[in-house]
Amino acid sequence: MESLPPRRRGRTLNMLLNQLVRHDPAAYQMCVMCDNEGLHHCARCNAPYCSSKCQTDDWPLHKTICRDLAGGFASSERPGRDSRRMLLFPVDEAYPKLIWLENNFDKGTPGYMAEMSETLNAPTRLPGSRFTRALTAITINFSIAFRRCGHVLRLVVLVRPGVPALRLNNSTTKLSPPGHAVLHMGPVLVYSEHPTITPTRETAQGIRGSSATEILDINARDLRTAVDHFQFMSLNPCITNPSRFPAGFYQCQIWPAIKINCDGDIELLQAYMPRGQALPRYEHVSVPSEVPTPRYPIAWARVLDLPWMVNRPLCNEGLDFDKRTNKAGMHFCTVIFPGDPADDGDMVTVGTRFCEDIGTLVVNHARGARISLLHLRCLAAWCEENELTDEDAEKDTGGSDPEDDDDGYDLMDVLGDHMAKNERWVKIVNAAKQHWANFLEKKRDDPDAANIVSPWDL
């Protein structure tokens, strides 16, 4: 498709989209929460639900627009023939809200784009351009393909660097636990449309046709679908709503993990934490077994036959926060992730530069077992006691016996021992296991240590 001319490429994409999302009015009568038949309805706004459970589960979100759907934003209250109901996620408000936008051709921009630009406070449009400099529309149907929408849903945002000094969107941030989803800067607008492709003639190069777009009213299902998009984005550092995550659709599993929050997120998200609490430095989360960013084996864990993996999600990369480092992540990197990314197959080691930019670290077991924070701290303590630091990893001890080497173990030598499974490697593993037993004995009064198993038994 990339080899096609731009105009033909656009028509081909439109035809593919039309096949993916055909106008399906029957979907409007499906349950707001799922794709089952909506046999029950909200007593106020008539939104469909398949059961009282789905209606109860959806109520915390649905109540933000329920009264408006039945009142000033009902179809009978349309202010003009060309007015369409859309969904706005404001920057400074706690919840999304409905708005009417007019198809106004008098402002020099075709369709609803001029009204959208004003609503989002976009800069003046470029001369002769349909879109403003920093306004873009994203089709979200591809990211929520497990939902039967019945039409195309588009998310309109302001894109940096065209619009400087954008502030964190309060209404989208409150949709998920702090730090569990991508942070959105600036207002967000969601609208629905129905693209139609009318074939005119068939040629040797394919079907030629004309396209048109009809803007539709946003409904209650669209709000839930938009929230699903925010909560299940592939770039999110973890799964924000495990009970609703469509693991079966994505053919993956839900795995436990430990998230190490960066300094920038901790400072920025303080306002979204309960009074007197701070975003925890470490927290247990859930992640999909397949993620878009690479997972690297943790070097010293790999040496000890612990299949632990680490990755750095790119969810908030590039945001201009004052504090861009991850102090806790840097500590773990210099202790148990020594070295720099290497191209030596599965023996990849991750160094300090891995954490210099903003972002979180996520640690998980390669087979999906639950790693405890005590496991991670025990490994770090073992490395520190044996002086296994990033500097030591760069030294060449010449294969000397680690018991006679005051500088500690050399990573590359021990990796070779691990591959050979020789006697020195067996001594190292046994010493680490004994360290775990001693570490657990010191933590016997810690509630987190109750019923915890050895990391080698996971």
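Colleague: Which residue has a side-chain polar atom 3.0 Å from the backbone nitrogen of Arg221?
Modeller: The pair is a polar contact (N or O atoms within 3.5 Å; within protein, one must be able to donate a hydrogen and the other to accept it, and residues adjacent in sequence count only if both atoms are side-chain atoms). The backbone nitrogen of Arg221 lies 3.0 Å from a polar atom in the side chain of Asn219.

Colleague: What kind of model is this?
Modeller: Residues are numbered from 1 along each chain as its sequence is written, and side-chain values use heavy atoms, without hydrogens or water. Local features need pLDDT of at least 70 and side-chain atom pairs pLDDT 80 or more, while totals for chains, interfaces and linings use all residues, since the model is predicted.

Colleague: Is Asn219 buried or exposed?
Modeller: Asn219 sits in the loop between strand S8 (206–216) and helix H5 (220–231); helices (H or I, at least four residues) and strands (E, at least two) are DSSP runs numbered from the N terminus. Buried means under 20% relative accessible area, exposed over 50%, and partly exposed in between (1.4 Å probe, protein chains only). Because its relative accessibility is 17%, Asn219 counts as buried.

Colleague: Which residues does Asn219 touch, leaving out those up to four places away in sequence?
Modeller: A contact means heavy atoms within 4.5 Å. With residues up to four places away set aside, Asn219 touches Tyr28, Arg85 and His151.

Colleague: What geometry does the Phe249–Tyr250 aromatic pair have?
Modeller: Rings of Phe, Tyr and Trp (its six-membered ring) pair if their centres lie within 6.5 Å; planes under 30 degrees apart are stacked, over 60 edge-to-face, the rest tilted. The structure holds nine aromatic pairs. For Phe249 and Tyr250, the centres are 5.3 Å apart and the planes at 80°, which is edge-to-face.

Colleague: Which residues do ring pairs link into a cluster?
Modeller: Phe249 is partly exposed, with a relative accessible area of 45%, and Tyr250 is partly exposed at 32%. Ring pairs link both of them into a cluster, whose members are Phe146, Phe232, Phe245, Phe249 and Tyr250.

Colleague: Which are the edge strands of the open sheet of five strands?
Modeller: The order is S10-S9-S13-S12-S11, with antiparallel pairing; two strands pair if DSSP finds at least two bridges between them. Strand S9 (residues 254–260) and strand S13 (residues 361–365) are joined by four bridges. Each edge strand pairs on one side only, and these are S10 (282–288) and S11 (296–297).
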